[in-house]
Protein chains: 4
Amino acid sequence: MLTSPSELSDSFVSRDPDDDSLRLECGVFGIYGMEDASAVTALGLHALQHRGQEACGIASCDGRRFYTERSHGLVSDVFTDADLIKRLQGHASIGHTRYSTAGGSHLRNVQPMFADLDSGGIAIAHNGNLTNFMFLRTKLVAEGAIFQSTSDSEVILHLIARSRSIKIIDRFIDTLRDIEGGYALVAITRKGMIGARDPLGIRPLVIGKLGHAYVLASETCALDMIGAVFVRDVEHGEVVQIDEDGLKSFKPFERKAARPCLFEYVYFARPDSVVNGKSIYEVRKAMGRQLAIEHPADADIVVPVPDSGVPASLGFSEESGLPFELGIIRNHYVGRTFIQPTQNIRDLGVRKKHSPNRVVLEGKKVILIDDSIVRGTTSVKIVRMVRAAGAKEVHLRSASPPILWPDYYGIDMPDRAKLLAAQHSIEEMRQMLECDSLGFLSVDGLYKAMGHDGRNNDQPQYTDHYFTGDYPTRLTDKEIAAEAEASGQQLSLLANTH
Amino acid sequence: MLTSPSELSDSFVSRDPDDDSLRLECGVFGIYGMEDASAVTALGLHALQHRGQEACGIASCDGRRFYTERSHGLVSDVFTDADLIKRLQGHASIGHTRYSTAGGSHLRNVQPMFADLDSGGIAIAHNGNLTNFMFLRTKLVAEGAIFQSTSDSEVILHLIARSRSIKIIDRFIDTLRDIEGGYALVAITRKGMIGARDPLGIRPLVIGKLGHAYVLASETCALDMIGAVFVRDVEHGEVVQIDEDGLKSFKPFERKAARPCLFEYVYFARPDSVVNGKSIYEVRKAMGRQLAIEHPADADIVVPVPDSGVPASLGFSEESGLPFELGIIRNHYVGRTFIQPTQNIRDLGVRKKHSPNRVVLEGKKVILIDDSIVRGTTSVKIVRMVRAAGAKEVHLRSASPPILWPDYYGIDMPDRAKLLAAQHSIEEMRQMLECDSLGFLSVDGLYKAMGHDGRNNDQPQYTDHYFTGDYPTRLTDKEIAAEAEASGQQLSLLANTH
Amino acid sequence: MLTSPSELSDSFVSRDPDDDSLRLECGVFGIYGMEDASAVTALGLHALQHRGQEACGIASCDGRRFYTERSHGLVSDVFTDADLIKRLQGHASIGHTRYSTAGGSHLRNVQPMFADLDSGGIAIAHNGNLTNFMFLRTKLVAEGAIFQSTSDSEVILHLIARSRSIKIIDRFIDTLRDIEGGYALVAITRKGMIGARDPLGIRPLVIGKLGHAYVLASETCALDMIGAVFVRDVEHGEVVQIDEDGLKSFKPFERKAARPCLFEYVYFARPDSVVNGKSIYEVRKAMGRQLAIEHPADADIVVPVPDSGVPASLGFSEESGLPFELGIIRNHYVGRTFIQPTQNIRDLGVRKKHSPNRVVLEGKKVILIDDSIVRGTTSVKIVRMVRAAGAKEVHLRSASPPILWPDYYGIDMPDRAKLLAAQHSIEEMRQMLECDSLGFLSVDGLYKAMGHDGRNNDQPQYTDHYFTGDYPTRLTDKEIAAEAEASGQQLSLLANTH
Amino acid sequence: MLTSPSELSDSFVSRDPDDDSLRLECGVFGIYGMEDASAVTALGLHALQHRGQEACGIASCDGRRFYTERSHGLVSDVFTDADLIKRLQGHASIGHTRYSTAGGSHLRNVQPMFADLDSGGIAIAHNGNLTNFMFLRTKLVAEGAIFQSTSDSEVILHLIARSRSIKIIDRFIDTLRDIEGGYALVAITRKGMIGARDPLGIRPLVIGKLGHAYVLASETCALDMIGAVFVRDVEHGEVVQIDEDGLKSFKPFERKAARPCLFEYVYFARPDSVVNGKSIYEVRKAMGRQLAIEHPADADIVVPVPDSGVPASLGFSEESGLPFELGIIRNHYVGRTFIQPTQNIRDLGVRKKHSPNRVVLEGKKVILIDDSIVRGTTSVKIVRMVRAAGAKEVHLRSASPPILWPDYYGIDMPDRAKLLAAQHSIEEMRQMLECDSLGFLSVDGLYKAMGHDGRNNDQPQYTDHYFTGDYPTRLTDKEIAAEAEASGQQLSLLANTH
């Protein structure tokens, strides 16, 4: 039975209840073998800002000592202080951007995390989610481990610390054998840098070079930002060790076929990134073209929900021959929190994030394209806004299939009960979203846009459980919880013996 | 002879030397006759954030007392505090966003500005620039006026305070007779709200209604944000007084034809705004179409410099039949300041604001469209970036004519010596900007895109001195300075008699 | 009739309702003719911190430009930043410490204040209070002056700005002829420094030298802090002008006898200062000796209310032969604000500022000596605390006479209705303060402690209206208010003519 | 061999090099069984502020979850926010004040510290120092423990977490058997509060009651602050467990005689506290009387170095018959950091902390009394200041014996090489300190002032190694270091096997 992750309360920043976006847990970056490594890391993180906007951190090492700085806020707000960058000394550095974060001064969960091992210090940063986190944490606490956070990274650190292997790379690999889930890891020790990707390559990680220095990053756009050359993806299940002797590759796991996460293509990755060899921008345009084939409409214009709907809209426009128009303008200055208006003001129907471009929409039959529909709360607002601006018809299209199942590999997704498509038929959704027609890209259509003939159901090419329910790994924590429930036990804390 | 504006030194935040954008001095907003007026003002300012991102302020009045809050930062960062909004009590409120701002805690120049008159308090906010500011300030100081800032608004306040008229509206009009330049003003007193636009309507100001409340705003997008209905533009040279009896209009100036500023259409206003009856988005698309006619190119794709180049690119694509592609990705998380990289890092050629979308650009002949070219420092970087990403040819197009003359009506523009087009021929510029061809929209082409047959040189329809040298008003300060120089006097301070 | 000082609301930091201390409006410091003048000023202000703990400011001039920095907080918190001091350039500097201050970011009333005159800039700082402030401000506003604050200093600046004299010293003297009250002023211009003291010398100001540089300060302890030599007091009604030619003295007023404020001796000045030739420490000891003569008691020990009661207690102990004991310990870490306890906790009778020294007090007959008794709210708490700690008897003694009348010269004193001694007989007070006996030093006793035979009622040697009701100057604002009230007018604002 | 405590660098706030004071590591406070426990803890900590001024923290528990807040700054600055106190929910709370602290945002070492055990959470705060800290930490790290700080408290937490006992009190006692040194500990669990004092009672801890609630505190002055009743001292080697069933006492160690630290009496404890049954104020007066007997001088006045020298001066004055005078005034507003003056200003001989009271000192033969002399750097400045103020002779007296040996039980003391008395004879010191005569209280004199006939050298009544070299416990870390040095090993880190 699992204990609660921690009795220490943090005041979490509550998410805006109107916020209907999906969120990734984090981007990671690392560089080894370059002066001012931390400044380069800050720039790399800046390019990965879309993977987490609420906190960030950098750790560095000069071969002798480690330096670390973690804070709430955007990279460009936190790491603007020249002194701060100067304090983060050394030729090796890793960094992390994170979306969810504790309130006030609680920085316990912000990465990178550091530990003194008997063989020397190690700092680690992590993108993804372990599906046996609670199981491992409960076991470690029972053995006397003290946790300072409720983050996966700390479980990984404890496993490394407790490994009986001598070499740090062996300790690292021992640890990877214990954890399950989707992850991309970067770590630095006094001697070098380590990177690792989960056995199925669910979360992305690429290798680049900047002069003689090696770079690891969640996406290629971080390489472009700093002028680094793309070398290759870290392979699924691969561990790379980088030190003054160069890069060594380890493949400690039994080989399986890769299954990268489709949502990186649908939503998360930046359009200018190339993930597992595919251009995000081109793939998204192909989704739009496929969508135009599957769900055409008799309409005047194609309008994207900016910015994520733009490439698919260009593809839809291309395929359908209907003009692409900026019928919705995105406000670039949306603060993360904003005044809590009185009811009086809430009734005004304020549009902080999107504004209608009236002149474009008035009297038109509009095809409205979004990357995905999660709870539908944003979609219905946008449909209403477009209609209020004078659109004659609104045909809503989702460039991804219906989202039916939650994620456990690092995407912050609502419960199944709140996933619109999991609860309603297409026609019900059409009515709820107040649109004239509604169409989702099919699963096979999505695979086609990815360059395949369709989904290989025997051996699916991608992680796609949110659309199909086919989870690619064990879900140990979920299984234990289900068992406990079945056997009538409460998921309560162990009885205390005070 | 003019004295220096102030001997009190502020530490100004120095502008990023790489920053090549034009900047407007400010957006204004006002509302009268509604509960929570300040909260509505915060939302309205939020929609005007693009007109000034470095400081903002709100003043309110409950009919008895005034409340004011001014700060550096974005509206959504400053006015998030529910308590703060609660402190700004009353049914009348004005607000201001501002781009340039003093460093540290120096908030002296941030608006709205307040004064106690013998007839009661007044708060004022202002977008634009007075061309006889120095002349008036020098005169007022000689009469014993004490200035706390170096802003135009304070000159206006002093003139109001010294007017011998009894009614506040008459004091206001007396003041407008003394000032010259381009301006849009909003003010609140204990009894009502006042709005005014300069005799030529250089700077924009619109009237809206939200229920029974009247709204004044720089652009219609602020009305859309709060769900207010657009009523009409404030006319050039019109003063409107709004109080519990409704709106009264005053036209104290001799009637001339309006000459609104073209740069609002070219660059400043938001694409979803309608300025003086014209949709910014449609006008910009028309500029792109006209540009395609005037400067076609044998190319594969049309790529905008995002975001301001997007509508013109859509127009160019439409006219030319060449596909529109997102060949450059804009980073939405650019902080206003960022780490000062070491030379080492500067050499990396870091791209903080724009990233190339390699897959799109590789091997292509690219038409690159920007809204305007000022100093050319950004343009050359973007051309190089596009070429480095593999473009075979780069054909640069400016959706506005060459900028040849500085502005004195509220646009922050470099000296003539730094305006690229003022110093170089088209071919010289082409070489400097490292592009394969270079084309600017013609002045007549711009007037065509605005819906005219061309520029009426006898009575030009717009303020367009930056392209033509034809300044629409007197430039008193400049004339005095020129005279002083001519007569061998230095522009020094008056001799002190201590 | 007087208008309200300003319609602009500030959120004032409300004073702790339990706070029963008197407060001075400010200390001033200036230095001319020394490098790093601002750093010296910071040190000087630090020594004057007891004269105002809530805000402070420094202005400096390098002969060409002025620099200023003002903030809430202690000098040692605000002026710790080396960069800040470096920004305050120049060889001339003035500074100010202030007790009362607006909340939040409202720094409008914090000094020094600066104005650009047509003859050049001037910065001014001021300790004291004008008794015709409202009269002058109303008049100036009617003439079109714009005020940014509600402080006396700004009235003085406006009068200087409007003077028709040519030389700055003449403008300064013109201004002094218009104002009435108690004040010590320091100012800097581009050419030099000016100091002035009111015609009766109510507020103190001394001249010192540090090498070749001249220093002005509220108290000699500021000279000691920086190692400056005491030269002499600025005389009552004297204006001193200091520039590169040295010090010039002006005496623009008709000569009257000086009447310095007695409360400087009783409470405000630091014990190590020498004010108008008298050591504060020695005078206070003499008050204690005189008190022992006037109000002896059959007791075991003499216990001061620390720290201000210590010298008088030493004097009382000396005269009475009773041992001096630290029966009350002062907590040195009292924050200016502290948690608002729940009623639950308020009932605990928390002692944040003073703690009883039980071992000393237990079973003893205690003579408890405080410098003065204002509202009595603190006194009764201390008496109770001493008794609760086991004292058998508590004999309370005030080292100054009963306070009967409010002050209008810069001391923050409650209304007459809240002055304990103004409302109650000695016996009533004794009962209210729950002490076994109560004694106040007599007015003549206080004059004796000051070294006189007693008060010269024909021509009193000191300002002592709080004890005697004998105000030394006109109280114009009060007179106008009284007249208005008498004639049935309300003290309302002038009717607005909108 | 010991590893370095951590490879993670913190930027420590460097101590002012002129700062010559001794510093205690911390004060602790706890309360169980009362609503608003955290607010009471804040008040208790406020009374213990003299035991640590640079950081503070509070943890609380509502029986189910824990809440914690830690920050740099004074208690009255940190815990002023009503919301903050409200967040620290529950009926049980502990708090900590701390002197030494990491720079910037590094709060890793600030207490209380929290851990999730398998049996539930625990928070702990600690005053003192473990003499086998490095030994234990090295061992724990080798076993895979991860440390987040370099504080003793975390070692204690890890030992508790790893104990194989079932009950938390047994785990606690297991841990106490492993640690050595001087300590006072308070802890809370979901069920209750625990307190413990080291086997010799080196560090103090008292028990109080506030209604039905139990209180633990470093000193009785914290009980007085909140109106709690003193019950008794926690005995040396005693562990108390407080829960809803009341207080249980455990004495897990072999009984030895207590040896409380003498420096609590000489310097650290507040004068109104009673430590181990003795009034600090009375003991210090007795030290002064004894000092007058041992080292009389032909002088005019007795002057304390304020504030710590005051009680001894009163005793000296009493015994000698010489008058007590406040010849030195302490500045109450010394900020923790202050501007770094230029050399120019440093040469002024600025006196930020103490000022001479010239009138008192001039022409006098002065006996100057300080509580102790550590490095002598402050003493010589004060002697010079007194002489510069006109004193004819200066006879310096230390109310404690010469400090010859460093401390390892929680007092921040310089190395032996910097302890003035460890390096020089009395006459050498007299010359260095520039005084006319110099006298230290004898060790036996100090024991006499404590109420004994003298030191019992067979079984000393107190911890007094700083005067005698007689350390009361093993010094394991020191022994291992010495051994390592002896055997030629470096105190380096273990070789890494990467």
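Tutor: A word on annotations comes before the sites: UniProt positions are given in the numbering used here, feature names are shortened, and annotations may be inferred rather than shown by experiment. Residues are numbered from 1 along each chain as its sequence is written, and chains are lettered from A and ligands numbered from 1 in the order in which they are written. This is a predicted model, in which local features need pLDDT of at least 70 and side-chain atom pairs count only at pLDDT 80 or more, while totals for chains, interfaces and linings use all residues.

Student: Which residues does the "binding site" annotation cover?
Tutor: In the unreviewed UniProt entry, "binding site" covers S308(A), D370(A) and D371(A). They are spread over 64 residues of sequence, yet they cluster in space, with a largest C-alpha distance of 7.1 Å.

Student: Where does S308(A) lie?
Tutor: S308(A) is in the loop between strand 17 (301-304) and helix 10 (310-320) of chain A. Helices (H or I, at least four residues) and strands (E, at least two) are DSSP runs, numbered from the N terminus.

Student: And D370(A), which strand is that in?
Tutor: D370(A) belongs to strand 20 of chain A, residues 365-370.

Student: Is S308(A) buried or exposed?
Tutor: S308(A) is buried, because 22 other C-beta atoms lie within 10 Å. The rule is that a residue is buried if 20 or more other C-beta atoms lie within 10 Å of its own, exposed if 12 or fewer, and partly exposed in between, with C-beta atoms placed from the backbone. D370(A) is buried too, with 22 other C-beta atoms within 10 Å.

Student: What does S308(A) touch?
Tutor: Leaving aside residues up to four places away in sequence, S308(A) touches Y267(A) and D371(A). Contact here means that the C-beta atoms of two residues, placed from the backbone, lie within 7 Å. With the same exclusion of residues up to four places away in sequence, D370(A) touches V305(A), G309(A), S379(A) and S398(A).

Student: Changing topic: what does UniProt list as "active site"?
Tutor: The unreviewed entry lists C26(A). C26(A) sits in the loop between strand 1 (23-24) and strand 2 (27-32) of chain A.

Student: Why does C26(A) count as buried?
Tutor: C26(A) counts as buried because it has 26 C-beta neighbours inside 10 Å. Not counting residues up to four places away in sequence, C26(A) touches R51(A), G52(A), H96(A), T97(A), R98(A) and N127(A).

Student: Now the overall picture. How many helices and strands are in chain A?
Tutor: Chain A has 18 helices and 23 strands. Of its 498 residues, 60% count as buried.

Student: What domains does the assignment give?
Tutor: For chain A it gives domain 1 (23-259) and domain 2 (278-331 + 341-449); such bounds come from an automatic or database domain assignment. The centres of domain 1 and domain 2 of chain A, taken over C-alpha atoms, are separated by 35 Å.

Student: What rotation superposes chain A on chain D?
Tutor: A rotation of 180 degrees, with 0.1 Å of shift along its axis, superposes chain A on chain D at an RMSD of 0.0 Å. That is the relation of a two-fold axis. The C-alpha of chain A nearest the axis is that of A145(A), 3.2 Å from it. The superposition is by least squares on the C-alpha atoms of residues with pLDDT of at least 70 in both copies.

Student: Finally, what is the mean pLDDT of chain A?
Tutor: The mean is 89, and 88% of the residues of chain A reach 70 or more. Residues 101-105 of chain A have pLDDT below 50, and this stretch has 16 contacts in the model beyond near neighbours in sequence. The pLDDT is the predictor's confidence in each residue, from 0 to 100. Where pLDDT is low, the predicted coordinates should not be read in detail. The model scores ipTM 0.89 and pTM 0.87.
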